[in-house]
Amino acid sequence: MNMNDHLLLWNHVFVKIQDVRQNVLRAGEKLNHYQLPASAYLYIVDGSARIRMDQHGYVVDGFHIIHGGKRAQLYIETDSGVEYYMILYKVILALPCRMEIQHLMDHERPFQDQYAFKPTRPLDMYQCMDALKQTWEQSTSLTQFHAKTLFHQWVHSLLKDLHDQSIQPYKPDTVTQAIEYMNSHLHKPIALDVMAEVLECSVGHLSRLFKQKINSSPIQYLAQRRIERAAHLLTHTNATLQQIAEQVGYPDAHSLSRSFKKIKGISPIRYKKGISQHMGKPIQALQWNNKQELPRVMQENALHSQPSHLYNDIDYQYHKNVGGEILMQGKFKMTALSMMLCLTLLLAACSSPAPSASGTQTENNAATTQSGNQATDAGKSTAQPETRTVSTMRGDVVIPANPQRVASDQYMGYLLKLGIIPVGVRTFMLNEGWIEKSDIATDMIAGIEDLGGEFPMNLEKLVSLEPDLIIGSIDKNIEDYEKIATTVFLPYWEGDKTSGPLEKLRRIAGVFGKEKEAEQWITTYEENIEDTKKQIAGVIKEGETVSIVQIGYKALYVLGAEGGNYGSSTIYEMLKLPPTKQALDMKEGFESISLEVLPEYMGDHIFLYGSGSEDAKEILNSEVWKRLPAVHKGQVYAYGSLDGTEDEFVMEDPYSMELQLDTITHLLLKAQK
C-alpha cells in the first residue's frame with residue numbers, strides 16, 4: 001500500500017486504544033506464544049532480543065519498532081534483558097464512506113501488516129511513548145482523550161519513518177489465520193460473520209480469498225475439517241457419537257451423522273466398522289467399496305468431494321427445516337425414475353423385432369459413432385473454462401462459467417429475456433404486470449420458487465434451492481447471500497437514481513456471457529424506437545416540452561429526465577421527448593411537490609401516471625389542475641392506475657420496455673387523430 005492510501009485510511013477510522021504497557025524481560029527470560037489480541041506497536045527501548053512474529057524473525061539491539069496485526073503470534077527471547085512498550089489498538093472504519101475507502105480497508109488491511117525498523121528520531125518517539133503510558137494510566141475521560149492525541153502523534157512520526165525508509169510491510173495470510181481460528185474453535189459453532197470480524201475483514205473478502213487459494217468456501221472447508229476430525233476420533237477413540245459431535249461443533253449425533261454421510265459417503269458407524277475390519281486398507285479403497293454397495297442412481301448423491309451449498313458455517317443450522325424434505329423428495333424422484341426406466345426397457349423388449357446381422361452391424365456402427373461424438377463433446381467440454389471472473393462494485397467475483405441455478409432478488413424480466421430461467425425470485429417479480437401481456441409460458445413462471453416479498457430473500461428457502469449463483473441488488477444483503485452461494489452485486493438503485501434499462505441489461509448480460517443476445521435485443525428495440533419517432537412526429541411540436549406526473553398514495557411527484565421510473569426512461573431517454581428545465585435539474589430522478597407549485601413544473605404536454613386511483617380525484621378536480629395549459633389543450637396522456645394492479649410501467653426490463661413503447665405510441669397516435 002502506498003503512503004497516500006495509508007493516510008487516507010487513518011483519516012477515515014475511529015481509533016480505540018485498548019492498552020498501553022511497559023514490560024521488562026530479564027536475562028534468559030522468554031515470552032512464548034503470546035497471541036496479539038489487537039493490532040499492536042512494540043517499541044523496544046533498551047537491551048537486545050530475538051523476536052519472532054508469526055514466521056518472521058528479527059534480531060533487535062536498542063531502539064526498534066515492530067508492528068503486528070490481531071492474532072499474530074509473538075515470541076521474545078533475550079540473553080541480556082530487554083525493555084519494551086506495547087500499544088494495543090483497534091480501528092473501526094467510519095461509515096458511510098466512499099467505496100474506494102471500503103475497498104482499501106477490506107483488501108489492503110494495513111492495520112494487520114507486519115513490519116520492523118529503527119526509528120530515525122528514537123528519543124522523540126520514546127518521550128511520546130512514555131507520556132502516552134503515563135497519561136493512559138490516569139484513566140479519566142480527559143486523559144483518555146489526551147492519550148488518543150499522543151497516540152496520533154506517535155503514529156505520525158512512525159508513518160514518516162515508514163515513508164522515508166521505504167519500508168515494505170509483510171501482509172499476513174488471511175486464509176491461514178482463518179484456518180487457525182477454525183482449528184482452535186472446532187468444538188464451537190463458528191459463524192462466518194464473527195470469524196470475519198475477528199480477522200478484521202468482510203465476509204465477502206474472506207470468502208473470495210478462500211475460493212482463490214484453496215478453491216473452497218470457508219463454509220465448505222469448515223465442514224470438511226470437522227468431518228476429518230470426527231473420522232479421526234471415530235477410529236482412534238472409543239468415544240460415543242454424541243461425545244464426538246460435541247467435540248467437533250455439532251449439537252447432536254444425528255446432525256453429525258447426516259453431515260458425515262454427505263461428505264464421506266457412508267455413516268459414521270459403518271465407517272468405524274469398516275476401518276476395524278479392513279485395518280491396513282487405504283481409506284480411499286474403503287470408500288470406493290462402500291460406494292459400490294449403493295444403487296448406481298444414488299452414487300452421485302451419496303459421495304461428494306466437498307459439501308453442497310446446503311450447509312453454512314454452522315452446517316446443521318438449516319437441516320431441521322429442510323433436510324428431511326429434500327431427502328424424501330430425492331428418494332421419491334429416484335424411485336420414480338427407476339420404475340420408469342424398467343417400464344421403458346420392458347416395452348422396448350416386447351415391441352422390438354429380432355435383430356438381423358445387418359441390423360446388429362448398423363447398431364455397432366451407430367454405437368461407435370455415438371461414442372466418438374461423446375468423446376469429442378467431452379473434449380470440448382474439458383477445454384471450456386469452468387469459471388469466469390466478473391467485475392462488480394464490490395470487486396471481482398469468480399462465478400461458474402455456465403450457472404444452472406440462479407436466484408435473484410431483482411431482474412427476473414432481464415434474465416428471462418436472455419434465456420435464463422431463475423430457480424427463485426422475490427414475490428413481487430412473480431406478479432409483475434408485463435407477465436400476462438407477454439408470450440412467457442404460464443408453467444415457466446409457475447416453476448420459479450417464491451422467495452418471499454422482503455429484502456433479503458427468504459434465506460432458509462434460498463438454501464434449500466441450492467443455487468450456484470445469486471444476483472443481489474442491495475449492498476447490505478450481499479454478505480447474507482454470500483454465505484449460501486457465489487453472489488454478484490448488481491445495484492438496481494444507485495443512491496436515489498436507477499441506471500438506464502439498457503445499461504442494466506448489458507450489466508446482467510456481462511455476468512452470464514450473454515452480451516451478443518443483449519445487443520441483438522437492443523438493436524431490434526432501437527429500430528422500433530426509430531419507427532415510433534417517425535409515427536409520432538408532429539405530435540410534440542418544435543419548442544414544446546413534456547412533463548411526467550405521478551399521482552401516488554397521498555403524494556404528487558414529478559419525474560426527472562434521468563434516473564426516474566414509471567415510463568420516464570421510455571419517454572425521455574428512448575423517444576427523446578423534450579423535458580422541462582425542472583426535469584433536467586432533478587438530481588434524484590424525481591421531486592415530491594405540493595399541488596400549489598404544480599404549474600411551475602408543467603410542460604406543454606403531460607404524461608399522467610396513476611389517474612385512475614382514488615387519490616387522483618382530488619388533484620384532477622382541483623382548480624390548479626384545471627387551469628393548466630396542457631389540460632385546456634387536451635395534451636394530457638393518462639396511463640396506469642396505482643389501484644393495486646401492477647402494469648408494465650412499474651419495471652424497466654425488456655418485456656416492460658416493449659410494452660411501454662407500444663402504450664406510449666398508442667397514446668400519442670390517438671391524440672394525433
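**Close-up views of a predicted model**

**View 1. Strands S9 and S10 form a hairpin, with two residues between them.** In this predicted model, strand S9 (residues 387–392) runs antiparallel to strand S10 (residues 395–400), and six bridges join the two. Within this pairing, Thr387 stands opposite Pro400 in S10. In a regular strand, the side chains alternate between the two faces of the sheet.

**View 2. Val488 is one of the residues that touch the most other members of the largest nonpolar core.** This core holds 50 residues, and Ile471, Phe512, Ile571, Leu577 and Phe607 join Val488 in touching the most other members. When neighbours within four places in sequence are left aside, the contacts of Val488 include Val390, Thr392, Val397 and Ile399, and Val488 is also in contact with Leu469, Ile470, Ile471, Gly472 and Val511. In soluble globular proteins, nonpolar side chains tend to be buried together.

**View 3. Helix H7 (residues 203–214) and helix H8 (residues 218–236) cross at roughly 65°.** The axes of the two helices come within 9 Å, and the crossing angle makes H7 roughly perpendicular to H8. On the side of H7 the contact is made by Leu206, Ser207, Phe210, Lys211 and Ile214, while H8 contributes Pro218, Gln220 and Tyr221. Divided by type, the residues of this contact are five nonpolar, two polar and one charged.

**View 4. Asn215, in the loop between H7 and H8, has a positive phi.** The phi of Asn215 is near 55°, in a residue other than glycine, and Asn215 is exposed because its relative accessible area is 58%, where the cut-off for exposed is over 50%.

**View 5. Ser166, in the loop between helix H4 (141–164) and helix H5 (174–184), likewise has a positive phi.** Here phi is near 55° in a residue other than glycine, and Ser166, with a relative accessible area of 53%, is exposed. Most residues other than glycine have a negative phi, and most peptide bonds are trans.

**View 6. A cis peptide bond joins Phe455 and Pro456.** The omega angle of this bond is about -10°, and Pro456 lies in the loop that runs between strand S13 (449–450) and helix H20 (459–465).

Methods:
Residues numbered from 1 in each chain as written. Predicted model: local features only at pLDDT ≥ 70, side-chain atom pairs only at ≥ 80, totals over all residues. Heavy atoms only, no water. Axes fitted to C-alpha atoms, helices over the stretch in contact; angles between N-to-C directions. Helix = DSSP H or I, 4+ residues; strand = E, 2+ residues; numbered from the N terminus. Parallel < 35°, antiparallel > 145°, perpendicular 65-115°, else oblique. Contact = heavy atoms within 4.5 Å. Nonpolar A, V, L, I, M, F, W, Y, C, P; charged D, E, K, R; others polar. Pairing = 2+ DSSP bridges. Core = buried A, V, L, I, M, F, W, Y, C linked by side-chain atoms within 4.5 Å. Buried < 20%, exposed > 50% of the residue type's maximum accessible area, 1.4 Å probe, protein only.
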